[in-house]
Amino acid sequence: MALMDETAASAIISQLVDTMINYANTSWWPSSRSTAKAEAEKLQASLPRIRLVLDAINIKGDRIRQRSPDFDARVWQLRDTLEAADDVLDEIKYYEMEEKVNARDSEVSGPISGCKRKLVDFVKNAFLSDGVLGKLREVVKELEAIASDVDIFLQFANRIYQQLALDNFGKTGSFVTENSVVGREKEKKTIIEWLTTGLDGENEAFLSAFSIFGMGGMGKTTLARLVCKDEGVIEKFDLILWVRVSDNSYIVDTKIITMNILEDITQQTCRLGNLHTLQYSLKEKVASKKFLLVLDDVWRDDTMLKWEEVLAPLRYGERGSKILVTTRMESVAKMFARLMEGENEYLNLDGLEENDFTTLFYRHAFAGTDPNKYQHLHEIGNQIAKKLHACPLAAKIIGGFLNNAINSEFWNKILNEDILNMQVSEDYLMGILKLSYYQLPAHLQLCFRYCSMFPQDYKFQKKELVRMWIGSGLILRYAHASMSPEDVAGNYLDQLTTKSFFHLDYVSSVQCYVIHGLLHDLARSVSVGECLRITSDIAINIPRTIRHLYIEEGDDWTLRQIHNLKKLQTLVINSIDDGWDEKLKFNEILASLKSLRLLKLRNGKYCKVPSTIGELIHLRCLSIDSTWVLGEQLKTLYRLYHLEELIVANYSDMKESEVKGM
């Protein structure tokens, strides 16, 4: 679980510093001006150390948390502190807006201006009595404590991570590991034609690239291996080279990649020192030779200058040399097209054709046996196969798992379980999918995890999802001052789509965004303790760390638990059951959700909207359908100064004058 990126954390801390200095110059600050300035400067100096902690968590955190409950607790502590800081800043802004509103009303009212001034004084007293500035100082102290312990924290994290690094999972080479690959004939033909046919003579480019992109587990590396073993391809090129790039996926290290290419050419360990010497040697090795270079598993899409350095000596190869790239992100494919100043030459690798997938699945499920002896298992097997979304890796892993016990009892057990939660899938299939997730920056990870609380195959409209991300506080405004929140959130969605975490679909010609079934399970896996969707057929104890909650059908037990979710930022109640007890005191429950940013109420069966809704001072988005009775509560909404979106669907009693009056 990534927390937030450096930009957002830095923005929050900078806002804290500015706020402390601003209020130190007023009579409101509960200490001397010099003390406030010293505290602000100390916090500013702590920022680089807090960034180190964020980096350790965002890059390595999920993998370490599974091994260490103590580390997990420290992650939640830091997250609580950063969110508390954001809440305090938001609360201060609320009181500032309330003061401006009261001052404006005081100027307009004339005869009752004295009463209004008393109200302004009351707001100031409330500001002090509620301890808002005291909360700010407390948050500052907690951040300073985190910064002071950073060395111990990093030593602890690195020790666990080094143990995890002993696992050599994910290495690949150019040899085909399958005795017989199923399917992909069409895709193989397309790539081979691109490699072996082209313009003649001087019209052919010296160097060009073709990219294969698609979700993890779709067989991109296997397809590239097949292409490299084709006789026509072997005859076409003097050299066929293979470099796995993702072994160094967090950065593009020009020196290491160049060294790896040289080692594949010479089949010897490269001992050359600096980049210039390496590039000169590579230039000599490829000069007057037509080569095919496979760059397997490229992640970074923001490093064009680094890749220019890698490609520079390769451009001295013979005319017609080619580069074949495999990646999980369309954005990487487009980057290589720009590098070559050519057309977008790439192939989106989806799941296998149904017949090919079934063949592959049963090859692993019945390995070492005669499938004809188990005709009675085919119906169960077909149902299991449908859950795997035509993913070749899933077919191999789950098929191999079924091979452990070829009987109807075991296969039915697997059919009725959540396949992706089994240990075998966690180690392999989910491991590969998580690699894609770990490469995302923290802000994209957060937006992706958020979507886990929606049903699988939910079709998001862009405007809807963007507004929810903004409303729930995922888009920090002071971290993106030069762009509107809508533009920032829209850009995030575009990035997640090009990186293959969403795919596009259409409903009645309207473009929608859908998360692939396996990726939805990934989202649920990485959002444990943070995001949750509760369905009507599941009784569950809700973790108190939950930030975003979607209740499909709320019963008494579920709704009572909401009272304990002090950090909740998003609450969607899609329906309440027939056993709804109005004595639940939903007023008090809602009033306890002090950090709530987004509230959606649906299918309320004409229950009253809680009157305490006007106390949710952080609320940005409020959506109520016509099955909830709003009534007099409408008049309390004018106090929600942060509210940006109000949706009251089909509410006939809501007058236009009332809306304007707010």
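**Close-up views of a predicted model**

**View 1. Helices H21 and H22 cross in a right-handed manner.** In this predicted model, the axes of helix H21 (residues 462-471) and helix H22 (residues 485-498) come within 9 Å of each other and cross at roughly 115°. On the H21 side the meeting residues are Lys462, Leu465, Val466, Arg467, Trp469 and Ile470, and on the H22 side they are Pro485, Glu486, Ala489, Gly490, Tyr492, Leu493, Asp494 and Leu496. Sorted by class, this contact of H21 with H22 holds nine nonpolar residues, one polar residue and four charged residues.

**View 2. Helices H15 and H17 pack at an angle of about 25°.** Two packed helices are described by the angle between their axes and the distance between the axes. For helix H15 (residues 378-386) and helix H17 (residues 408-415), the axes are 10 Å apart, and because angles under 35 degrees count as roughly parallel, H15 and H17 are described as roughly parallel to each other. H15 passes H17 in a left-handed crossing, with Ile380, Gly381, Gln383 and Ile384 of H15 making the contact with Ser408, Trp411, Asn412, Ile414 and Leu415 of H17. By class, the residues of this contact between H15 and H17 are five nonpolar and four polar, with no charged residues.

**View 3. Five strands form an open sheet with parallel pairing.** Read across the sheet, the strands follow the order E2-E3-E4-E1-E5. Strand E2 (239-244) and strand E5 (346-348) each have a single partner strand and stand at the edges, so one side of each is left without a neighbour in the sheet. Neighbouring strands of this sheet are turned by 15° against each other on average, direction ignored. E2 and strand E3 (residues 291-298) run parallel and are joined by six bridges, and Ile240 stands opposite Leu292 in E3. Helix H13 (residues 330-339) packs on the sheet, where it touches strand E1 (207-213), E3, strand E4 (321-327) and E5, and the direction of H13 makes about 175° with that of E1.

**View 4. Asp90 forms a salt bridge with Arg620.** Side chains of opposite charge can pair when their charged atoms come close. In the pair of Asp90 and Arg620, the closest N and O atoms are 2.5 Å apart. Asp90 lies in helix H3 (residues 69-109), while Arg620 lies in the loop between strand E12 (607-608) and strand E13 (621-624), so the pair ties together parts that are 530 residues apart in sequence. A search of the whole structure finds 20 salt bridges.

Key
Residues numbered from 1 in each chain as written. Predicted model: local features only at pLDDT ≥ 70, side-chain atom pairs only at ≥ 80, totals over all residues. Heavy atoms only, no water. Axes fitted to C-alpha atoms, helices over the stretch in contact; angles between N-to-C directions. Helix = DSSP H or I, 4+ residues; strand = E, 2+ residues; numbered from the N terminus. Parallel < 35°, antiparallel > 145°, perpendicular 65-115°, else oblique. Left-handed = near helix turned anticlockwise from the far one by under 90°. Contact = heavy atoms within 4.5 Å. Nonpolar A, V, L, I, M, F, W, Y, C, P; charged D, E, K, R; others polar. Pairing = 2+ DSSP bridges. Salt bridge = Lys/Arg side-chain N within 4 Å of Asp/Glu carboxyl O.
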